[in-house]
Amino acid sequence: MCFGTSSGRLSQLAHYGPIGAIILIIWITISGYHCLIQWYPPDIKDPLSIINFLIYWIWPVIIFYNYFRAIFVGPGFVPKGWKPANPEDEKYLQYCDVCDGFKAPRAHHCKKCGKCVMKLDHHCPWINTCTGHFNHANFCWFLFYAILGCIHALIMLCPCIYRALFVQYYVYARVKDVPLIYFTFTGLISCILSIGLALGVIIAVGFLLIVQLRSIMKNQTGVESWILRKAKDRNHRRAVEFIYPYDLGFKENLRQVFNWRETFNVIGNGLIWPVRDGTDEYALTREQLEQKSEKRQRTMRYEVVQPYKGAFITLRYGLRTCICIPCTDEFRIPIEKGDYVLVTRWERYWLYGERVIAGQLDKNNQEMKTRRRGHRRPRGWFPRCCVYEAFRIEDLWSGKLDQNSDIVRAQFDNIGPEGFDDNKNADEEEKEQTDDTPPTTPKKLRKRKVRQES
Ligand SMILES: [Zn+2]
Ligand SMILES: [Zn+2]
């Protein structure tokens, strides 16, 4: 296993996620144990009670083993400044400005970890790191054993509490075969709370485990299914349908992660991946680059007319803005009057974009290109009413608004979307533009206009 790229730091535990998870596991275990020793204590004459007792204590050991491995082994991070062995392949990969290196196939940058993560699935607050290539199996085992542990604890807790609540019945009825169970008030409350917590864990973790197993069986992380969905939407524009390169069949996909035939360690170094016939190792990264290029073509630059401090409650921008927030955990960015924002996503009352601070606007394009690598502008959501909109972009897409109308032309002439933060140059963007995408950039509009005139 490649520990050189792991995240393992003790300080990762100093976060509400791991602290909460550890307290939760200990709480349910101790409450269940409190019930176990009253209701079904280990008795040398009863082998089953001994087995029950031992199994009960095996759960927290396996749970913590997998939990701490998921944290300390980590998902595996792409080494800083990484580049493919063959320099020719660099053109198929994205460049990460923050890590100052190429993103290996299947790697994505996690803002919370601040690094490019190998086969990033998602950032999990409970382990305070990402779930990725090296810790995916341990993460799934942790979820699986947490469910089993909670079921066992529930089997101890429920009958025990039932008997404790009706202890008087057992005393008066003189039932002799059943141990009498007494609780202090705090003990009772703690155990009832544990039942709720254990049930919550079984439902929530069970759901997460199903999602994880489905993603492993398809060999498709959360991010990759999103890319694949967009790739399928683009299929009608190409001669050959896009084939997802990492799907090796459900059994082999499972083996790639759990590797039961050999060492139970994940297969591969997280940088080079086996692919199915008819594809190559850069099939998905090429598709990603094309999708990004399309995204750039949709970028629009808006002028900020009203400041926003990044607050969570946004009543001052209207009730609808306050209620209809984007369903995501992405950041919100503060913006100041006079700034520009390069917008790539549009919600009814919110926009997502990259903030260009007022002073940076005077720089010409050449200067912008030189500062592209190693520096990143803040990106995030902000209320739509904070920017000047000459027209609503949705009207342009739906055809309600003519793209050659004065209002659209005036907007593009005044505020073009140049300088979107990435590492591709404008010539490449021009080459990759396809004619069936809506022309939203001024260059494209002008090109279309010239073609119509000729
Ligand atoms: Zn990165
Ligand atoms: Zn992360």
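**Exercise 1. At what angle do helix α1 and helix α5 pack, and how far apart are their axes?**

A word before we start: this is a predicted model, where local features need pLDDT of at least 70, side-chain atom pairs count only at pLDDT 80 or more, and totals for chains, interfaces and linings use all residues. Residues are numbered from 1 along each chain as its sequence is written, while chains are lettered from A and ligands numbered from 1 in the order in which they are written.

*Solution.* 

Step 1. Find α1 at residues 16–39 and α5 at residues 185–218. Helices here are DSSP runs of H or I with at least four residues, strands are runs of E with at least two, and both are numbered from the N terminus.

Step 2. Compare the axes: they lie 9 Å apart, at an angle of about 120 degrees. Each axis is a line fitted to C-alpha atoms over the stretch in contact, and angles run from 0 to 180 degrees between N-to-C directions.

Step 3. That angle makes α1 oblique to α5. (Under 35 degrees is roughly parallel, over 145 roughly antiparallel, 65 to 115 roughly perpendicular, and the rest oblique.)

Step 4. List who touches whom: L24, W27, I28, S31, G32, H34 and C35 of α1 meet G187, S190, C191, S194, L197 and A198 of α5. Contact means that C-beta atoms, placed from the backbone, lie within 7 Å.

**Exercise 2. Over residues 16–36, what share of the chain is helix?**

*Solution.* 

Step 1. An unreviewed UniProt entry places "transmembrane region" at stretches including 16–36 and 48–68. Such annotations may be inferred rather than shown by experiment.

Step 2. Residues 16–36 are 100% helix and 0% strand, with end C-alpha atoms 30 Å apart.

Step 3. Residues 48–68 are also 100% helix and 0% strand, and there the end C-alpha atoms are 31 Å apart.

**Exercise 3. In what order do the five strands of the open sheet lie?**

*Solution.* 

Step 1. The order reads β10-β9-β8-β7-β11, with antiparallel pairing. (Strands pair if DSSP finds at least two bridges between them.)

Step 2. Four bridges join β7 (residues 300–304) to β8 (residues 340–346). Across this pair, M300 has V343 as its bridge partner, and R301 stands opposite L342.

Step 3. Six bridges link β8 to β9 (residues 350–356), with V341 opposite R355. β8 and β9 form a hairpin with three residues between them.

Notes. Two residues are in contact if their C-beta atoms, placed from the backbone, lie within 7 Å.
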